[in-house]
Number of protein chains: 2
Amino acid sequence: MSGEMMPNWLYKRAFLSPERTALEFETEKISFFELHERALSLARKLASFPIKEGDYVSFLLKNCPHTVELIHALEYIGAVTVPLNNRLAPAELRFQLEDSNTALLIYDESFSSQAIEAAEPLKSVKAMAIHELGQLAESDFQPKTEINLDSNHTIMYTSGTTGSPKGVILTYGNHWWSAIGSALNLGLQESDKWLCTVPMFHMSGLSILMRSVIYGIPVVIHDAFDPDKANQAIHSNGVTIVSVVSAMLARMVHALENKYPESFRCMLLGGGPAPKPLLEACTEKNIPVFQTYGMTETASQIVTLSSEYMLKKIGSAGKPLFHAQLKIEKDGAIAEPHEVGEIVVKGANVTKGYLRRKQATEQAIKNGWLYTGDLGYLDEDGFLYVVDRRSDLIISGGENVYPAEIEATLLSHPSIVEAGVTGREDERWGQVPIAFVVKNDKSVTEEQLKTFCREQLAGYKVPKNIYFVHELPRNGANKLMRRELIQFLKEDKRC
Amino acid sequence: MSGEMMPNWLYKRAFLSPERTALEFETEKISFFELHERALSLARKLASFPIKEGDYVSFLLKNCPHTVELIHALEYIGAVTVPLNNRLAPAELRFQLEDSNTALLIYDESFSSQAIEAAEPLKSVKAMAIHELGQLAESDFQPKTEINLDSNHTIMYTSGTTGSPKGVILTYGNHWWSAIGSALNLGLQESDKWLCTVPMFHMSGLSILMRSVIYGIPVVIHDAFDPDKANQAIHSNGVTIVSVVSAMLARMVHALENKYPESFRCMLLGGGPAPKPLLEACTEKNIPVFQTYGMTETASQIVTLSSEYMLKKIGSAGKPLFHAQLKIEKDGAIAEPHEVGEIVVKGANVTKGYLRRKQATEQAIKNGWLYTGDLGYLDEDGFLYVVDRRSDLIISGGENVYPAEIEATLLSHPSIVEAGVTGREDERWGQVPIAFVVKNDKSVTEEQLKTFCREQLAGYKVPKNIYFVHELPRNGANKLMRRELIQFLKEDKRC
């Protein structure tokens, strides 16, 4: 490994600004020095297990200080963290435990049945509740106070287009450059305070924890997303930056009574294009929205639209972060402006590949460029528009149909609060789009919605059926999972 | 080379924020897009010369937009910049031109006699006035829009203890990490504006130019330091950060009538420990002073004391920047707190060595640690106190003056057989060099010796006084003990 060496981040942060607040959770405030002490104590307990450098340790935890302490404890050991999505079924968890060669699974008591069911058949994995770990004796060990940016920090699973999850390898360097790229874009103020209500087992949440120690700013932790509580954190607790996806932002805006204070400076919006009416509502309420594009493979955002362009470049995800590069490829050549092609990105925040998946890695990364599988185009000024995640593409009668576009249309109807579109097999057209919508208290019929769509979309884009449902399938990051929509039909989840 | 790849900084900056101001000089304002266009045009002219990737190009210029354009033009070509101190004598310049294997020397008209005198005897060097370069035809070439952080960016000469100057190799990565380390320490605000009144041929000035393109903030350029003009830039032109050395700061404080506005957030103070009364005056006037320690070899600051500790830790240079590390070594072991030893530093901003000086490089850098030759200690909280620069370094008005270099010059005079140089306290410059010499039977006066020095040395290196003595203080090994020279004055050992 030839990567740059630097001090362990928490270690250095506790040395530089020991008294600054690192975490706020409920009524508790934890300084960087305390966090360092707690992580070190936990590391000594893990060392007694023994967990050693290079081991893989999974966790099935909630958003809480314990999770942060564990992540840093593993850094002090030099072990690799495998964050598990706590909404997965035991079989799905088991796959990831086995695939990552996990030695130890740390779980929260409330997930004990899933954890035990997942780990039990695997001889190589020991499962332990976090409170049990706390009771272990401390073992003497030499904490790693220096890190190599090329060392592995995290393995995070993502399904991608193939269906079978792959472990994305994220090095310290990937996290570092992601944090630096974000700071060069958003700036860095002494008064910054980041709200983490997105899961720490996803990049969106984990990246906030990394930024916190690198920047020396506090994270306010919410164990679950609640729009009122999130708004209150901005209004009364000095939060200056919040990471959200569209569905969360919509609920926050809906629940918002008074404008946010001036000190609130960034609503970092990821997880797919935002509907125009939502952005307009944000402008009206002076909410500084920064739209972003990123994925697990890029250790969070890699493209960001600053708020000054929020409406001028509506629908755009912005430009690549300072250190990053982007191109649109079509049939192996660079696409013209406005020509849709595959989004290809490069930068030190980009993963070096998938754990033990040589072929998938070679397919995805060529000459340092990551082929995202997502479709998009650049406008004449170089702003990126993500047309769709490739896997969701519907091809109907030879025409490309992009679900996001139809969803945006449905969402612009006053009676609709959520919308998901997918393709259904069709004898004549190959595929046709169908939609699932959640309506508000205003009455509307399927026919009225189709008429509404027909007014704004080409005929082939109008959903053949529009089903009313109580909720849409979303993952832990609250991102719409379009591929599961078709299950709704089979299970008759319509209301 | 295995370094990280990233977009050329100016190229990327002009893409991300084309309309933002990059430079302010007198009444002129230049945007990042304009700066990019000008640098590109200059690069095309240099290419026609031809200057190509890997060539060394020196400049003998003032602080002005041309200098910034040239530095970025050389980046677009991939040539290495050799900034020359415009106060050096022709013989000193010639040494650096030859040692760096410079292909082209670009000079300002006002320095034409020095430039021509320096370059003329060297067949390999072509000298050209900057306005002549501007008149060349543009040649087609492919600008380097992507850089490797391991590539060489600058060669900057520093004398060190040996007398003969060495070219410090500074890579893109050294400059990058220096800028990032500074941002993580000082924060980064959209309203930031940095005043550059320190020379661009020094690290202090050059580092401001690098930060400007990386952060996307304007630099206000002053061609010379004037305390009233500097104060005015803070009061009326929105400058938020200024880089100074003690002597400059003292004059600014002396000239200051009204307190600086709240928006002024950082007086970055380098170039040696500051006198306590000056710091107290700053506190009284609410001036946020950030004391730093750094050198050419660390691409500007590597240790910084934030203003909250300005008086609490008076005399301290602070703690190493986030990515950097520091230790004090005494007799090959880590020193205890408060024990004086050699300051040893490590970090990605540290040079990889001296140009074509394998032995000097191996002596200075061991296992990635740079042995600075400076003496200091850490207190119990880990704050650095620099006790003495490189045993005998004289810092005069922010310029490093190396006794060995002046002694070598004096010794080259036919009447001088021994020479010793040391620093004397000086109200205006902090220190000035004075010399003690032993002459042979040939007659020579102090004035003749000064004239002799003036022909070969920069003005600030010419000893303010030259005293004739019978002998110099030497230890048992016959080594000159420079620190005892000052006793000579008090004891009147002059002959």
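Which strands of chain B does helix α13 (residues 403-411) lie across? In this predicted model, select α13 of chain B together with β26, β27 and β28 of chain B: the helix lies across these strands and runs at about 140° to β26(B).

Next, hide the helix and look at the strands. They make an open, three-stranded sheet of chain B with mixed pairing, in the order β26-β27-β28. β26 (416-426) and β28 (465-468) of chain B are the edge strands, each pairing on one side only. From one strand to the next the twist averages 25°.

Now select β27 (residues 430-439) of chain B with β28(B); the two pair in the parallel sense over four bridges. Within this pair, Val437(B) stands opposite Phe468(B) of β28(B).

Move on to the contact between the chains. Chain B and chain A each give 34 residues to it. Between them the chains bury about 3,000 Å², with 61% of it on carbon and sulfur atoms. On the chain B side, select Trp177(B), Leu184(B) and Phe322(B): these lose the most area to chain A, together 23% of what that side buries.

Finally, colour the chain B side by class: 21 residues are nonpolar, six polar and seven charged.

Terms used
Residues are numbered from 1 along each chain as its sequence is written. Chains are lettered from A and ligands numbered from 1 in the order in which they are written. This is a predicted model: local features need pLDDT of at least 70, side-chain atom pairs count only at pLDDT 80 or more; totals for chains, interfaces and linings use all residues. Side-chain values use heavy atoms; hydrogens and water are left out. Contact means heavy atoms within 4.5 Å. Buried area is the accessible area (1.4 Å probe) that two parts lose on being put together, summed over both. Ala, Val, Leu, Ile, Met, Phe, Trp, Tyr, Cys and Pro count as nonpolar, Asp, Glu, Lys and Arg as charged, and the others, Gly among them, as polar. Two strands pair if DSSP finds at least two bridges between them. Axes are lines fitted to C-alpha atoms, for helices over the stretch in contact, and angles run from 0 to 180 degrees between N-to-C directions.
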